[in-house]
Amino acid sequence: MKAVAVHPDAIVVTSRIWQTNATALRAGGETLLIDSPYFPDELEALPALLRQAGFEPNALFATHADYDHVLARFAFPELTLGVGDPTMERIRAEPGAVQRELRDEDARNYVARSAPLALGNLQSLPVPGYVELGEHELELHPADGHTSDGTAVLADFADLLVCGDYISNLEIPWLSPGGGLNDYRATLARLAPLAERSETVVPGHGGPHTRETALRIIDEDLGYLDALERGEERPKLPDGRDSLRQREIHVENLTLLG
C-alpha cells in the first residue's frame with residue numbers, strides 16, 4: 001500500500017492489488033474517506049497512516065457497491081458509510097451480495113479476515129447533489145454503466161475528481177451485470193467536463209491522472225466502446241491496457257452484450 005498527496009487537502013492511498021484507490025479529502029477540520037484498499041493488513045494500517053498524515057476521517061463514502069470499494073468499514077467500524085441513492089438501491093435490491101462477492105474473492109486470493117464484512121450504518125445521499133465538507137461542498141454526479149450504480153465526487157476546492165471505476169490507465173471499460181454500454185457512454189460524457197475543471201483525476205484503479213491524461217483516456221474509452229458495439233473480437237486496445245486480463249474483460253463485455 002502506498003500513499004501520495006495530490007493536493008494539500010487530499011491524499012490517495014493505493015492498494016497493492018488491482019491498484020485500488022482510497023482518497024481522503026479534508027476541509028474545515030473534517031475528513032471524508034472515499035472507497036478503500038483491499039487487504040486486511042492494509043485496512044489495519046490505514047487509520048494510523050491517515051492520522052499521521054493529518055487525515056483522520058469523520059465519514060466514509062463508497063463510489064459504488066462493488067466489494068472492493070466498501071471495505072473501509074473494517075478500518076473505521078464506528079463511522080457511517082455514505083453512498084449515493086443508486087448505490088443504496090442496489091444494496092437493498094441485492095441483500096448480502098457484497099458480502100458473498102467478497103467472501104468468494106477472498107477465497108480465490110487465500111485471504112483470511114478476522115470478521116465478515118458488516119456495512120453497518122448507511123447514509124443515502126442524493127445523486128446528483130451536494131454534500132458539505134467543512135466550509136466546502138462536494139458535488140455528487142451519476143456514474144453508472146460499469147454497474148447499475150455509481151457516483152463521481154468533484155471537489156473543486158482541491159481541484160480533484162474522484163470518479164470510481166472509470167478513466168483508468170489500467171483497465172478498459174468494464175461492463176458488469178446491471179451496467180450497460182449506453183449508460184457507460186453517458187457517464188463518460190458527464191465526466192469529461194468535470195475532468196476539465198480538475199487538476200487531478202483519481203480513478204478507482206490505477207494512478208491519479210492529470211487533466212490532460214484523463215481526457216485522453218476518455219477519448220480512448222469512447223473508441224473502445226465503439227469497437228465493442230461493433231462486436232469486434234480483437235479490437236486494438238489502448239497502450240498500457242493491451243494485456244491478457246484486459247482481453248479477458250473484453251470477452252466478458254462481448255458476452256454481456258450478447
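**Reading pockets, cores and a sheet**

Mentor: The largest pocket is lined by 28 residues, and Asp66, Tyr67, His146, Trp174 and Arg245 lie nearest its centre. This is a predicted model, in which local features need pLDDT of at least 70 and side-chain atom pairs count only at pLDDT 80 or more, while totals for chains, interfaces and linings use all residues. Residues are numbered from 1 along each chain as its sequence is written, and side-chain values use heavy atoms, leaving out hydrogens and water.

Trainee: What is a pocket, and what is a cavity?

Mentor: Rolling a probe the size of a water molecule over the atoms shows where empty space is left. On a 1 Å grid over the protein atoms alone, a cavity is a set of points where a 1.4 Å probe fits but cannot get out, and a pocket is an open set with protein on both sides within 12 Å along at least five of seven lines; lining residues have an atom within 4 Å of a point. Grid points are joined across faces, edges and corners, and a volume is the space filled by probe spheres set on the points. Here, about 730 Å³ of space lies in the largest pocket.

Trainee: Which element gives the largest share of the lining of the largest pocket?

Mentor: Helices (H or I, at least four residues) and strands (E, at least two) are DSSP runs, numbered from the N terminus. The largest share, five residues, comes from α7. By class, the lining has eight nonpolar, seven polar and 13 charged residues; Ala, Val, Leu, Ile, Met, Phe, Trp, Tyr, Cys and Pro count as nonpolar, Asp, Glu, Lys and Arg as charged, and the others, Gly among them, as polar.

Trainee: Is Asp66 buried or exposed?

Mentor: Buried means under 20% relative accessible area, exposed over 50%, and partly exposed in between (1.4 Å probe, protein chains only). Asp66 is buried because its relative accessible area is 13%. Asp66 sits in the loop between β5 (59-62) and α2 (72-75). Neighbours within four places in sequence aside, Asp66 is in contact (heavy atoms within 4.5 Å) with Arg90, His146, Thr147 and Asp165.

Trainee: How many cavities of 30 Å³ or more does the structure hold?

Mentor: There are two. The largest cavity has a volume of about 60 Å³, and its lining includes His146, Asp165 and Trp174. The second largest cavity holds about 40 Å³ of space; among the residues that line it are His146, Thr147 and Asp165.

Trainee: Which residues touch the most other members of the largest nonpolar core?

Mentor: In soluble globular proteins, nonpolar side chains tend to be buried together. A nonpolar core is a set of buried Ala, Val, Leu, Ile, Met, Phe, Trp, Tyr and Cys residues joined through side-chain atoms within 4.5 Å. Among the 31 residues of the largest core, Leu33, Tyr38, Leu50, Val70 and Phe76 touch the most other members. The element that gives the most to this core is α1, with three residues.

Trainee: In what order do the six strands of the open sheet stand?

Mentor: Strands of a sheet pair through backbone hydrogen bonds, either parallel or antiparallel. Two strands pair if DSSP finds at least two bridges between them. The order is β8-β9-β10-β11-β12-β13, and the pairing is mixed. At the edges stand β8 (129-133) and β13 (209-210), each with a single partner strand, so one side of each has no neighbour in the sheet. Strands β11 (residues 160-162) and β12 (residues 200-202) run parallel, joined by three bridges; Leu161 has Val201 as its bridge partner in β12.
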